[in-house]
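Here is a short tour for someone meeting this structure for the first time. Take a look at it, then read on.

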Amino acid sequence: MSASCDEGEPRTGTAPEGRHPRPQSLAHKLKSLMAQRTDARGRAYVSRTLSQAVDDLPDPPASASFALIAKLAGGQQDNPTIKTVLALCRALGDVPPAYLLPHPGYDDLAALEAFEDPLARRVLALLSDLPESEVRDLVARLEHRREVLGLSRVPDEGTPAGKPKRARRRRTETEAAQYAADALEGL
């Protein structure tokens, strides 16, 4: 899973003609999930709390040390075992494991989560082979129906749906010392 996207590079849903969009890296996706999901205390995950969440899973498929999670999120390691991916996804709230794969079709977490629903898969099967004009008409009707019901708008493919970054909290001296000790353990 070594393909990555430079953080400063703009991401769009369409690629130049003849090229496929570059998939987001495992590190980018994992960091994003850790920032968006919350641990048992209601805080964004860090390596240590995610490692603990994996260990707290009933019948965890694997164990994941905080050092391994830090390497994965930092991009120093990009080839976890399947068991590790499954454990991380379960601990992060049953994220579809395909999301962590390096493929541009798997970069849309909302679509992958929707695909988990058998009824959504049935709708997709029914849409296949319909003329594009009919599919566009159905999409327009569904968007209108969501608006009437007061549901949130579903972003178009390639539209960033992530939350803006918030300022990071500074560590206390005790937390900084613990962090340094933990980092030395992981070496």
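## Ground rules

Contact here means heavy atoms within 4.5 Å. This is a predicted model, where local features need pLDDT of at least 70 and side-chain atom pairs count only at pLDDT 80 or more, while totals for chains, interfaces and linings use all residues. Residues are numbered from 1 along each chain as its sequence is written, and side-chain values use heavy atoms, with hydrogens and water left out.

## A tucked-away lysine

Let's begin with lysine 29, part of helix 1 (residues 26-36). Helices are DSSP runs of H or I with at least four residues, numbered from the N terminus. Lysine 29 has a relative accessible area of 0%, so it counts as buried (under 20% relative accessible area, with a 1.4 Å probe and protein chains only).

Who sits around it? Setting aside neighbours within four places in sequence, lysine 29 is in contact with Gln24, Tyr99, Leu100, Leu101, His103, Tyr106 and Asp107.

## Helix 4 and its cover

Now for helix 4 (residues 82-91), where Thr84, Val85, Ala87, Leu88, Cys89 and Ala91 are buried. Helix 2 (47-55) and helix 3 (66-74) are among what covers those buried residues. Just after helix 4 comes glycine 93, with a positive phi of about 100°.

## Where two helices cross

The axes of helix 2 and helix 4 (lines fitted to C-alpha atoms over the stretch in contact, with angles from 0 to 180 degrees between N-to-C directions) come within 9 Å and cross at roughly 100°. The two are therefore roughly perpendicular, a label for angles of 65 to 115 degrees. Leu50, Ala53 and Val54 of helix 2 meet Ala87, Leu88 and Ala91 of helix 4 in this contact.

Technical notes
Buried < 20%, exposed > 50% of the residue type's maximum accessible area, 1.4 Å probe, protein only. Parallel < 35°, antiparallel > 145°, perpendicular 65-115°, else oblique.
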